[in-house]
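Please keep the sequence and the structure in view while reading.

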Amino acid sequence: MDAQVLVALALSLVGGLSTSIGGLLVILSNTPNLKMIGSLQGFAAGLMMSMSFFDLAHNAMNSLGFFRGNIWFFVGVLFFGSVINVIPEPSVPGTCKEDGDGSVKDMIRKHHRQVLFSGIVTAVVAGITVHNFPEGMAVFIGTTKGLRIGITFAMAIALHNIPEGVAVALPVYYATESKWQAFKLAALSGFAEPLGVIIIAYLFPRSLNPEILEGLLGSVAGVMAFLTLHEMLPIAFEYAGHKQAVQAVFLGMAFMSASLYFLDISLPKEMRL
């Protein structure tokens with residue numbers, strides 16, 4: 001296994017294992033602070049949007065031309081849209097509505113078996129198989145282009161995966177009352193990311209045409225844009241409220257812009273974009 005694959009694998013592990021943080025939030029607090037999760041999701045959405053539109057799509061259009069750059073971008077949009085249609089992104093059950101008779105925990109327990117099944121399907125199908133594969137592939141393709149892109153991908157995906165860990169662990173914990181089962185399934189759901197790196201690394205040509213690499217990064221921009229608009233922003237608005245979510249988005253965009261700048265001036269030239 002060459003150094004490039006090892007770096008991509010390490011970065012994808014950082015992103016993938018962030019689902020464990022979501023699992024910890026559930027087992028430590030029983031009912032996580034959904035407003036905080038919404039703000040975190042808004043911040044991650046800002047990171048993704050900044051990376052997608054201002055960096056990857058921009059560079060693809062500069063390198064390949066406006067028309068071809070857009071074609072690659074929308075190929076990524078269509079690809080991830082197809083994935084979403086097959087394996088929908090799970091949401092945190094119970095949202096934050098509590099009835100007068102009890103808590104979210106009581107409400108979920110009324111549907112014990114359905115909730116348990118939902119949690120297992122979320123972890124095994126949506127997490128471990130199809131849904132997180134494109135994120136691992138994006139980290140590998142980004143690392144192929146430069147370490148800076150790989151690092152920023154891993155950072156944005158890590159923040160996005162914390163709410164995914166909550167979505168896996170919460171129903172399992174309420175249905176089984178087992179903290180270990182909830183945490184285990186949340187942690188396992190993140191391993192699709194390094195698995196995606198391993199699969200794409202052995203299918204990916206080592207000497208790829210630079211134009212195709214630029215096009216693939218343009219497609220990754222489309223994947224990230226779709227992920228942001230379809231999944232992350234709605235969750236941020238629902239949990240944190242529109243005003244706080246929008247503030248978190250722009251804070252994330254500013255943070256990503258600053259990160260890209262400081263990574264550019266600190267990394268060796270051959271590791272940059």
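V166 counts as buried, because its relative accessibility is 0% and the limit for a buried residue is under 20% relative accessible area. This residue has its place in helix 8, which covers residues 147-176. V166 and G22 are 144 residues apart along the chain, yet their C-alpha atoms are separated by 4.5 Å. The model in which these values were computed is a predicted one.

**The chain as a whole**

The secondary structure of the protein chain comes to 12 helices and 0 strands. Read from the N terminus on, the order of elements is α-α-α-α-α-α-α-α-α-α-α-α. The protein chain has 273 residues, and buried residues make up 52% of them.

How do helix 2 and helix 9 lie relative to each other? Helix 2 spans residues 18-29 and helix 9 spans residues 179-189; their axes come within 7 Å and cross at roughly 160°. That angle makes helix 2 roughly antiparallel to helix 9, since angles over 145 degrees are counted in this way. The crossing in which helix 2 passes helix 9 is right-handed.

A further pair consists of helix 1, residues 3-16, and helix 10, whose axes come within 7 Å and cross at roughly 155°. Helix 1 and helix 10 are therefore roughly antiparallel to each other. Helix 1 passes helix 10 in a right-handed crossing.

**A patch on the surface**

Helix 10, made of residues 192-203, is also the place of L195. Together with I198, I199, Y202 and L203, the residue L195 forms a nonpolar patch on the surface, and the accessible area of these residues together is about 480 Å². L195 itself is partly exposed, as its relative accessible area is 37%.

**A salt bridge**

Side chains of opposite charge can pair when their charged atoms come close. How many salt bridges does the structure hold? The structure holds 1 salt bridge. R68 forms this salt bridge with E211, and the closest N and O atoms are 2.9 Å apart. R68 is partly exposed, with a relative accessible area of 40%. E211 is likewise partly exposed, and its relative accessible area is 42%.

**Further pairs along the chain**

A245 lies in helix 12, which covers residues 242-266. Is A245 buried or exposed? A245 counts as buried, because its relative accessibility is 0%. T144 has its place in helix 7, residues 133-145. T144 counts as partly exposed, because its relative accessibility is 22% and the limit for a buried residue is under 20%.

| Pair | Separation in sequence | C-alpha distance |
|---|---|---|
| V166 and G22 | 144 residues | 4.5 Å |
| A245 and A45 | 200 residues | 9.5 Å |
| T144 and L217 | 73 residues | 9.9 Å |

In the structure, the reader may now locate A245 and A45, whose C-alpha atoms are separated by 9.5 Å, and then T144 and L217, which are 9.9 Å apart in space from C-alpha to C-alpha.

How values were computed:
Residues are numbered from 1 along each chain as its sequence is written. This is a predicted model: local features need pLDDT of at least 70, side-chain atom pairs count only at pLDDT 80 or more; totals for chains, interfaces and linings use all residues. Side-chain values use heavy atoms; hydrogens and water are left out. Patches are made of residues with over 30% relative accessible area and no salt bridge: like charges are joined within 9 Å, nonpolar side chains (Val, Leu, Ile, Met, Phe, Trp, Tyr) within 5 Å. Accessible areas come from the Shrake-Rupley method with a 1.4 Å probe; for residues, only the protein chains shown count as cover. A salt bridge is a side-chain nitrogen of Lys or Arg within 4 Å of a carboxyl oxygen of Asp or Glu. Helices (H or I, at least four residues) and strands (E, at least two) are DSSP runs, numbered from the N terminus. Buried means under 20% relative accessible area, exposed over 50%, partly exposed in between (1.4 Å probe, protein chains only). Axes are lines fitted to C-alpha atoms, for helices over the stretch in contact, and angles run from 0 to 180 degrees between N-to-C directions. Angles under 35 degrees count as roughly parallel, over 145 as roughly antiparallel, 65 to 115 as roughly perpendicular and the rest as oblique. A crossing is left-handed if the near helix is turned anticlockwise from the far one by less than a right angle, and right-handed if clockwise.
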